[in-house]
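Colleague: I have a protein open on my screen and would like to talk it through with you. Could we take it one question at a time?

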Amino acid sequence: MGVAVDWRAHRAALLALLTLLIFGLAPALALEAILIDPEKDRIDVTAQGELYEGRGDKLQIETVPGADGIVGRMSVEATTTGTNPNWIVFALKNGTEKPIVRWLTAQRYTLVGSSVFWPDLDSGRVAAVTPSLGFLPKRIANDQADIFPLTIEPGAVITFIVEMSSLQVPRLNLWKPEAYERHLKDRMLFNGILLGIVGLTAIFLTAVFAANHKSIFPAAALVAWVALALFCVEFGFWHKLFKLSAQDNAVYRAASEAAFVASLVVFLYSFLRVRLWHNWIKLAFGAWICAQVALIGLTFIDPRLASGLARVSFAGVGVVGALLITYLALRGQERAMSLVPTWMLLLVWIFGASLVVAGQLSGEIIVSSLLAGLVLLIVLLGFTVTQYAFRGGTPFHGGPPGQMQLSTLALEGSGTAVWQWNMRRGELSVGAEVEEALNLPEGMLEGSLEEWLRHIHPADREHFRLLLWSLQEKGGGELNTDFRMQRADGSYLWFELRAHTVESPVSDSAQRCVGLMRDISGNKRTSERLLHDAVHDSLTGLPNRELFLDRLSGAVMRAEESTGNRPTVLFIDIDRFKNVNKSLGLVVGDSMLLTLARRLSRHLNPQDTIARVGGDQFAVLIVSDAEPQHIALLSERIRRSLRSPMRISGKEIILTGSIGIAVYDGKQETHQDLLKEAEIAMFRAKRSGSDRVDIFKASMRGSEEGRLPLESELRRAIERKQIKVLYQPITNLEANTLSGFEALVRWDHPKHGRLNPDDFVPIAEETGLISELGSYVLDQALKQAARWQKALPSAQSPIFVSVNVSSSQLFRQDLLQQIRSILSRDAVPKGTLWLEITESLAMENPEQAIEIMKILKGMGAGLSLDDFGTGFSSLNYLHRFPVDTIKVDKSFIRDAEREDSAPVILRSIVAMSHELGKKVVAEGVESASDADFLRSIGCEFAQGFYFGEPMSERGAMSLVSTLAKALKKKNSARTRRAPAKASGKTAAPAPVARERAGTRRGGAAAAPLPVPRVPSPRQA
């Protein structure tokens, strides 16, 4: 009995537990009925229902208790067997006394939560709705949503089971029928407004393209048209417009998204002018565009995959476009800067869309804002592009200018042709003269820009293309460039193009660039020859001293950085060459030098350099080998090659050479020191006897050791401004007034006292300091001239300063840059700076001197031919020299007092100068009779001790200030009384106060920088 009692107790406990599970826990898990508010238009039932996933094709549930509290059971099967759908269960309760009709809606597509990868595109959401009471609701036909009408009787509580037809759980809304229809109408109105704005923008951009054939307009119109297509899909108009199936909306949507991204890439390519960039960038953009077009084709195979790739690519376009636009905007490109606001808004839109797609933001207001933002982007894009269509003064198309207008723009002259560029069509044409010069068939140079560029040298092609691009970017302007074009035989000719844009008188929507094009191959060859001659010997073609020193400087620098071998210099002097040259003649001497140059060149490696540094002197720079044994063998081979007999003009000539060797050891202060050491070793070899080789040692300095410190002292003197500039007055003889000063240079040496130019200018020329010295003197002289202009201003006839230019300075490349920099820094009137070039210097290389003089004159500097009559100038070159004045040497003034023929020669020089349109300056005027004679023969200017000694900056400034005060006093007196009639002849000017005779003799030996002059016997 005890066992039985225990069993009954256990069974009672188990039944109690089951009762507790069934009746105690069930109410916590059961649904609560949704009370329908008759006044409420919409109820969201998704959050208030239960979701069942993975329950198979059948679902059994208990219904929500009715009004009587009875709980029933429901069992439903899937519409299609084997789909294993998701289910949503909810219950509705009608607490009123009237039946309530509501529409259960599920949107077929919504951007919210659609995801980036494998997005959920247009598809059915609800397969069937099963109520616990009543009839099955029938689907209401709609293209954008699944709609089922639900009827709830008064006081009834009905449980509904909704079978899903997609994996994504849609948002189920319970709408009043009239409220839902009203919502659809409002939505259609909003959608229609957006479609109208985008459509008008697309039509407008297309119309602008019809008037302006720039590629940016069809590219922008393409973006607008594709956006219009995307909106048609979004609003459900696509299949209605073209009678297509609504079930294919997923394909349309994916295709329109991929096409929109592709249109943005095309727009970037066109608007930022990517076709004018490097080839690899153009290829990258081309591949990108092709990939986007291929993505459109992929939509017909797998719409979800294509749509996901398009969304990722959309973000990539935004980032890449932002980087390109930022880079170009920082470089000042106008188009990129105008696109910055639009693209910033696009980045914000992409960020917001990504949050919506990821489900972080939701709601109809968010989706509507995204659509409106996209419309705003399209409109801003249209505004950005349209500003390039309606710029003032930028015509687009029209008839060609008339012949009279072309004749006005293209100056008549031989060898020129009219060049035209139709900027609207991108077509170029040129006159038949260019085609004849290039031996091309007629019409070959007429066509598109790409066809025309094929005839331009590859090195000039991109530069020419960028110039045309810049002209379009600025909306007009001038085009000045030089380029090479290929002839039919493969050679090239240089052409000069000078053109500018013009407006058509017929229409304001045309743009054309017209100009002149001429062959300048001869000028280019001349310039190249002049440049070559500036650094090469004209006889042998070898590098000259300047180029040798430049290469030596580089070799020393590499040796100091331990990136190259220690350089070695061989200095070669031909023994007794002057005697041979004098006895056999200059022609034979030149032939011997050419033979020697060829012989020496055979022994060197390509890395080494041989130069002609003097008349019979050569220098060799060896950087390919640093072994002492190899250097010794090389010098011995060179010495023997010089001894080899030469047969010239039937004569056998044997020459020898003295060779000095110097090796860089790091103790030399400058690279010139290495060359000087080799020269010292050569002199030691020559003193020991001809045909010898010697190596530099420290003990060889000898007599040179006093000169080398002077070079370093000169460098320090320039840095410490110990070089003084004196000024000697130059007088206008006719007006008897001060016209200017000549700048004379002196060196106040701390030990040797005041040194004349003869003592240090040759050293400056040899060591390369002449450029620094000349720049210093030019700078000081022009600053002083600026002070004179402030004290005694005269825009018509400013007080000028005249500075001499030496041979080492005139033909240096940096002279023009120095003068341009100094003139641009000091604001002085044109003609304030005069440059004196000696007659003998100009005749050393007259062609090159003429070219340099033209450039200097173009900068605003006056030119004077100094020491005229002391050299052997050709009258032909004298006529071609673009000088303003001719400066007669003081020897003619001195000899005029002692010789009868001298006045005649002086008078002839003045008359000839006037015939050539040049004025005359006479030097060495020391008496009133000299001044009267020069005034009588029409000489304009004079200088000498009669008018003033060389004076310091303070003395010159004091003289100018005194003249300014006197002029001011005279003008004041003239205003107080009536002007008196001029009477009598003007008295001869009183000489400017001079220094003592001893000072006069010491100062007269000086000469203008940088050509040293020998003092006259009278002054010495």
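Colleague: Where is the place of N736?

Modeller: Happy to start there. This is a predicted model, in which local features need pLDDT of at least 70, side-chain atom pairs count only at pLDDT 80 or more, and totals for chains, interfaces and linings use all residues. Residues are numbered from 1 along each chain as its sequence is written, and side-chain values use heavy atoms, with hydrogens and water left out. Helices (H or I, at least four residues) and strands (E, at least two) are DSSP runs numbered from the N terminus, and N736 is in the loop between β25 (723-732) and β26 (737-749).

Colleague: Thanks! What value is the phi of N736 near?

Modeller: Most residues other than glycine have a negative phi. N736 is a residue other than glycine, yet its phi is positive, near 55°.

Colleague: And what is the relative accessible area of N736?

Modeller: Buried means under 20% relative accessible area, exposed over 50%, and partly exposed in between (1.4 Å probe, protein chains only). N736 is partly exposed because its relative accessible area is 27%.

Colleague: Which loop holds N439, and what is its phi near?

Modeller: N439 sits in the loop between α11 (432-437) and β14 (447-448). With 45% relative accessibility, N439 counts as partly exposed. Its phi is again positive in a residue other than glycine, near 60°.

Colleague: Which residues is V801 in contact with, leaving aside its neighbours within four places in sequence?

Modeller: Contact means heavy atoms within 4.5 Å. With those neighbours set aside, V801 is in contact with Y727, F741, A743, A781, L782, A785, W788, T832, L833 and W834.

Colleague: Is S270 buried or exposed?

Modeller: S270 lies in helix α5 (residues 249-271). Its side chain reaches the backbone nitrogen of I216 at 3.3 Å. Since its relative accessibility is 6%, S270 counts as buried.

Colleague: How many salt bridges does the structure hold?

Modeller: A salt bridge is a side-chain nitrogen of Lys or Arg within 4 Å of a carboxyl oxygen of Asp or Glu. The number that the structure holds is 28.

Colleague: How far apart in sequence are the parts that D460 and R484 tie together?

Modeller: The side chains of D460 and R484 meet in a salt bridge, 2.9 Å from N to O. D460 lies in helix α13 and R484 in strand β15 (residues 478-486), so the parts they tie together are apart in sequence by 24 residues.

Colleague: Last one: which residue forms a salt bridge with D748?

Modeller: At 26% relative accessibility, D748 counts as partly exposed. The closest N and O atoms of the pair are 2.9 Å apart, and the partner of D748 is R754.

Methods: A polar contact is a pair of N or O atoms within 3.5 Å; within protein, one must be able to donate a hydrogen and the other to accept it, and residues adjacent in sequence count only if both atoms are side-chain atoms.
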